[in-house]
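My notes follow in the order I took them.

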Amino acid sequence: MKKYLKNRRLSVSLADLRLANPTILASGILGYSAETLKSIVEGGAGAVLTKSVGLKPRVGYANPTIAQTSCGLINAMGLPNPGIDEFVKEIREAKTGLNVPLIVSIYGFSAEEYATVARKAVDAGADAVELNVSCPHVRETGSEVGQNPKILAEVVGKVKAAVDKPVIVKLSPNVTSIVEIAEAAVKAGADAITAINTVKAMAIDTETTMPILSNKIGGLSGPAIKPIAVRCVYEIYEHVKVPIIGCGGIVNWRDAVEFLLAGASAVQIGTAVAQKGPNVFRAVTRGINVYLKRKGFESVNKIVGLSHRS
Ligand code: DHB
């Protein structure tokens, strides 16, 4: 193992998970193969997250599913996935020899479905589950769950009762009050909150005069959403006690440090992995380490929420 991966300054514990550094692969960036997850670990990630998986296989939307804009990517894949019964094989394979926590992102069309998928993922070896209650455009799941505190509480409650591993809830910014939603998730038993998922968005082709994505509407990711995500983390930190995982537009160490100062205990990197490759984790981690040393902090935990002091 590389020296900095054993660096105590960088290690974090997050709802029972031990991470050698605070960088995590965001859900949805890579496919489902055990091999690609391992390449992310080689790139220096402190934990990995799979694409979202549901109870049954789904083909997803027709192409185009990605629109590149001047300030970020808009995607609407439609939750394509092989279904949990097929995916457990990849979970088992990914777990063999993996020296970082494996978190499985799950979705469902009912609280029972979320719970069933979570149980199967944990039985196959997942170290935690992240509930996707924030996909901005697939009907009857995703943000339709995460925009309604009552439905969200039912989903979180059923999943908590079904598994004995940490349950992380990934929230949507497409709500009036993300604090109200975070509070509902925590009250129902969420062990950690991820903030944020993509921002509902669209792009239109001026030549064809039509929406670019086959689904018309998708989710915006990348640096454009970082200030929105930092605000969400900051607001949630003031109201809930569970750890927060920051996500949205992180490209370099400075972005990551900004999220930590806002109140995140760890960060997820997504769009930048697609653009820069797996070594972005190592670059961000090294940068955080140099920053902590320069500022005289003996642990990354010391800067979590530091921007809140009066
Ligand atoms: C998809 C997009 C998202 O932003 C998300 O959170 C989940 C799924 C998708 O299109 O598959």
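I began with Thr209. Buried or exposed, I asked of Thr209? Thr209 is exposed, because its relative accessible area of 56% is over the 50% cut-off. The model is a predicted one, so I treat every value here as computed.

I then checked the backbone of Thr209. Its phi is positive, about 70 degrees, although Thr209 is not a glycine. Thr209 sits in the loop between β12 (204-205) and β13 (210-211).

Next I turned to Asp16. What is the phi of Asp16? I read a value near 80 degrees, positive in a residue other than glycine. Asp16 is placed in the loop between β1 (12-14) and β2 (17-19). Asp16 is exposed too, with a relative accessible area of 68%. I noted for context that most residues other than glycine have a negative phi.

Peptide bonds came next. I found a cis bond from Asn63 to Pro64, with omega near -5 degrees. Pro64 belongs to the loop between β4 (48-49) and β5 (66-69). I found another cis bond joining Ala195 and Ile196. Here omega is about 15 degrees. Where is Ile196? I located Ile196 in the loop between β10 (192-195) and β11 (199-201). For context again, most peptide bonds are trans.

Which residues make the nonpolar patch of about 250 Å²? I listed Met202, Ile204 and Ile217. I looked up Met202 in particular. Met202 lies in the loop between β11 and β12. Met202 is partly exposed, with a relative accessible area of 41%.

Last, I went through helix α1, residues 34-42. Its buried residues are Ala34, Leu37, Ile40 and Val41. They lie on the same side of α1, because they cover an arc of only 115 degrees around the axis. On the other side of α1, I found Glu35 and Glu42 exposed.

What covers the buried residues of α1? I noted strands and helices in the cover, including β3 (23-25), β4 and β7 (102-106). The helices in the cover include α2 (84-95), α9 (271-276) and α10 (280-295).

Gly44 follows α1. The phi of Gly44 is positive, near 110 degrees.

Note on methods:
Residues are numbered from 1 along each chain as its sequence is written. This is a predicted model: local features need pLDDT of at least 70, side-chain atom pairs count only at pLDDT 80 or more; totals for chains, interfaces and linings use all residues. Side-chain values use heavy atoms; hydrogens and water are left out. Helices (H or I, at least four residues) and strands (E, at least two) are DSSP runs, numbered from the N terminus. Buried means under 20% relative accessible area, exposed over 50%, partly exposed in between (1.4 Å probe, protein chains only). Patches are made of residues with over 30% relative accessible area and no salt bridge: like charges are joined within 9 Å, nonpolar side chains (Val, Leu, Ile, Met, Phe, Trp, Tyr) within 5 Å. Accessible areas come from the Shrake-Rupley method with a 1.4 Å probe; for residues, only the protein chains shown count as cover. A salt bridge is a side-chain nitrogen of Lys or Arg within 4 Å of a carboxyl oxygen of Asp or Glu. The arc is that of the directions from the helix axis to the C-beta atoms. Contact means heavy atoms within 4.5 Å.
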